[in-house]
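This report goes through one protein model, beginning with the chain as a whole and ending with individual residues. Please keep the sequence and the coordinates at hand while reading.

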Amino acid sequence: PRTGLAAELRSLEGAQYGRYKSLIGRWELPGGETLELVRGQADPYAPPARIAVHVLGELAALPEDLWRTPTRRRALASYLVRQAARAVGGEKALRVDAGGQEVLERSSCTVSGADGSVTLRLGAALPGRGRRIDGREAERLLCQVLPRAAERALRYGSLDAERARRFVETVEDSVALRDALEGRGLVGFVAEGAVLPRRSGVDDRPAAGEGVVPFVSPAELRVTVELPHAGAVSGMGVPEGVNLVVGGGFHGKSTLLRALETGIWDHVPGDGRELVVSRAETVKLRAEDGRRVERVDVHAFVDHLPDGSDTSDFSTQNASGSTSQAASLCEAVEAGARVLLIDEDTAATNLMIRDARMQTLVAKDREPLTPLVDSIRSLHRDHGVSTVLVMGGSGDYLEVADRVVMMDAYRPSDVTARAREIASVPTGRRAEAESFPGVVARVPDPASLDAEVRGRPRIRARGEDVLSFGDHEVDLRAVEQIADPRQVTGIGLALELMVRGGLLDGRRTLAEALDLLDEALADEPTAALLTIRDEDFAAPRRFETAAAVNRVRGLRMLRS
Ligand code: ADP
Ligand code: MG
């Protein structure tokens with residue numbers, strides 16, 4: 001690395017803004033850290049420059065047991081970057097992406113498994129006066145504020161060791177709990193005392209105050225799991241099969257389901273959901289009218305459309321509520337989902353239910369839809385896909401549910417026995433399907449994605465939930481398990497990796513390409529995506545990446 005960054009910045013005082021680019025490369029800082037200008041900034045209004053601060057292992061001096069495993073490294077990095085964000089504090093020009101309640105793998109901070117060295121990556125709006133370099137301010141930011149923040153946040157000696165350790169152990173417990181689910185035949189777990197409600201729809205921190213009811217498990221569903229740090233932890237185990245959550249409006253059904261939805265991620269200490277987990281292959285579904293669908297076999301749910309189209313090979317630019325949800329279900333199973341979550345609040349009613357009276361009034365051959373209630377058992381029995389449904393408005397599911405949990409004033413109870421009793425009295429409803437036939441694998445045509453990428457490697461996150469993809473916009477608003485806006489950037493990079501890295505080759509199915517993507521991201525998820533572009537991103541799951549592929553308007557699928 002070069003030395004003398006401060007002097008160099010001073011000498012650039014008043015120079016053309018573009019000369020910042022002459023600084024690209026590595027600089028040794030007086031404290032021993034290395035500052036790397038990875039990407040310059042064309043003008044004061046362009047996206048901020050990218051900077052990395054590298055701290056060698058012996059300088060960071062982080063105890064090895066805090067970074068020995070990938071899980072601990074992810075947790076430690078998440079802790080460090082939160083400290084770094086706090087340490088740069090009010091400096092608007094320095095943008096450290098610390099993240100929210102989830103502990104995600106992110107590009108903003110990584111800890112090396114080889115030697116415990118730390119890299120902090122951030123955006124820096126390089127200071128200028130008009131189109132001239134403000135060298136003095138740049139020196140203050142890059143040679144004083146940033147090094148001081150690095151010293152305070154990225155060295156073990158200046159950290160709160162107790163809190164750092166608790167952070168790492170919290171995440172490790174959560175991972176251990178999630179890993180324990182499958183062996184116990186569970187799809188989810190909600191610990192006693194967990195705090196599920198959030199402060200508001202736009203504030204993901206835990207709700208606080210006297211009105212908050214901590215979670216209490218029904219005795220019938222209580223299980224105890226031994227965790228590496230917390231020891232024996234009890235809570236409600238959500239079993240494999242068909243699970244129904246019932247109860248009056250405003251009694252906490254959706255809140256419980258949402259906790260399971262985000263149980264695919266680990267949470268920071270104090271979040272309230274540290275010990276609320278669900279299987280990694282859990283996918284939330286919802287209706288999303290207007291979305292695109294490309295060659296999905298939805299005939300299990302939709303058949304005999306009035307326009308005569310073939311629903312075993314169904315495409316549309318503008319799906320209805322029910323067809324969009326049917327397609328999303330099939331796509332999730334295609335991508336490998338083992339648990340599906342559905343909330344009546346966001347589901348298409350006509351895809352969920354069709355009761356006895358409606359069966360009498362509207363003959364089956366006049367109704368294209370076959371409700372999920374008739375294939376949900378087969379989904380589990382024949383395909384190993386469990387479900388958790390929130391359904392307070394219809395009793396038809398009582399017949400097909402393995403478990404029924406009732407929420408009453410935020411307290412769950414197991415009402416399975418009573419539900420069976422009630423369901424044993426026939427309603428006259430006739431089943432409209434025998435089984436779920438499974439999904440048809442599709443092969444994405446890379447040319448249909450490539451055309452928009454080549455020469456224009458700009459898949460960009462726009463706002464919180466839109467990805468611009470060449471000329472198209474991919475709307476991810478209905479993809480509810482995206483936990484962080486930076487994951488949208490990560491999805492964009494993953495798509496680019498799939499196309500440019502040849503993972504999609506016109507022969508591989510989408511599921512096979514996603515397997516390869518998972519392999520590429522297995523060891524160091526951020527490293528693989530950083531080879532595409534240095535940006536602030538959080539690593540996405542395969543399911544959200546698949547959801548984005550499925551929503552690209554220009555996408556063509558091949559089918560054998
Ligand atoms: P439902 O889906 O049954 O209609 P919601 O889950 O939407 O109910 O919850 C209704 C309201 O109750 C929400 O404002 C939510 O934040 C709040 N709430 C949910 N669970 C709890 C709880 N355990 N303690 C306090 N408030 C809660
Ligand atoms: Mg609700």
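## Conventions and burial

A residue is called buried when its relative accessible area is under 20%, exposed when it is over 50%, and partly exposed in between, with a 1.4 Å probe and protein chains only. By that criterion, 57% of the 560 residues of the protein chain count as buried.

The model is predicted, so local features need pLDDT of at least 70 and side-chain atom pairs count only at pLDDT 80 or more, while totals for chains, interfaces and linings use all residues. Residues are numbered from 1 along each chain as its sequence is written, chains are lettered from A and ligands numbered from 1 in the order in which they are written, and side-chain values use heavy atoms, with hydrogens and water left out.

## Overall fold and surface

The protein chain contains 16 helices and 27 strands, where helices (H or I, at least four residues) and strands (E, at least two) are DSSP runs numbered from the N terminus. Its radius of gyration, taken over C-alpha atoms, is 26 Å, close to the 24 Å that the globule rule gives for 560 residues, so the chain is as compact as a globular protein of that length; the rule itself is 2.2 Å times the number of residues to the power 0.38. Along the principal axes, the C-alpha trace spans about 85 × 55 × 35 Å.

With contact meaning heavy atoms within 4.5 Å, 72% of the contacts between residues at least 6 apart in sequence join residues at least 24 apart. The chain exposes about 23300 Å², of which carbon and sulfur atoms supply 48%; these areas come from the Shrake-Rupley method with a 1.4 Å probe, and for residues only the protein chains shown count as cover.

## The magnesium ion

Which residues coordinate the magnesium ion (ligand 2)? The donors are S254 (OG) and D345 (OD), at 2.1 to 2.2 Å, a donor being an N, O or S atom within 2.8 Å of the metal (3.2 Å for Na, K and Ca); water is not among the atoms, so sites may look incomplete. This pair links distant parts of the chain, since S254 belongs to helix α6 (residues 253–261) and D345 to the loop between β19 (339–343) and α8 (349–352), 91 residues apart.

The two residues also fall into separate accessibility classes: S254 is buried at 13% relative accessibility, whereas D345 is exposed, with a relative accessible area of 56%.

## Positive phi angles

Most residues other than glycine have a negative phi. F250, in the loop between β14 (242–247) and α6, has a positive phi near 75° and is exposed at 76% relative accessibility. R295, which lies in strand β17 (residues 293–296), has a positive phi of about 55° and counts as partly exposed at 25% relative accessibility.

## Two buried loop residues

T311 sits in the loop between β17 and β18 (314–316) and is buried at 1% relative accessibility. Leaving aside neighbours within four places in sequence, T311 is in contact with V296, D297, V298, H299, V302, D303 and L305, and its C-alpha atom is separated by 9.8 Å from that of T323, 12 residues apart along the chain.

L504, in the loop between α13 (485–500) and α14 (510–520), is buried with a relative accessible area of 5%.
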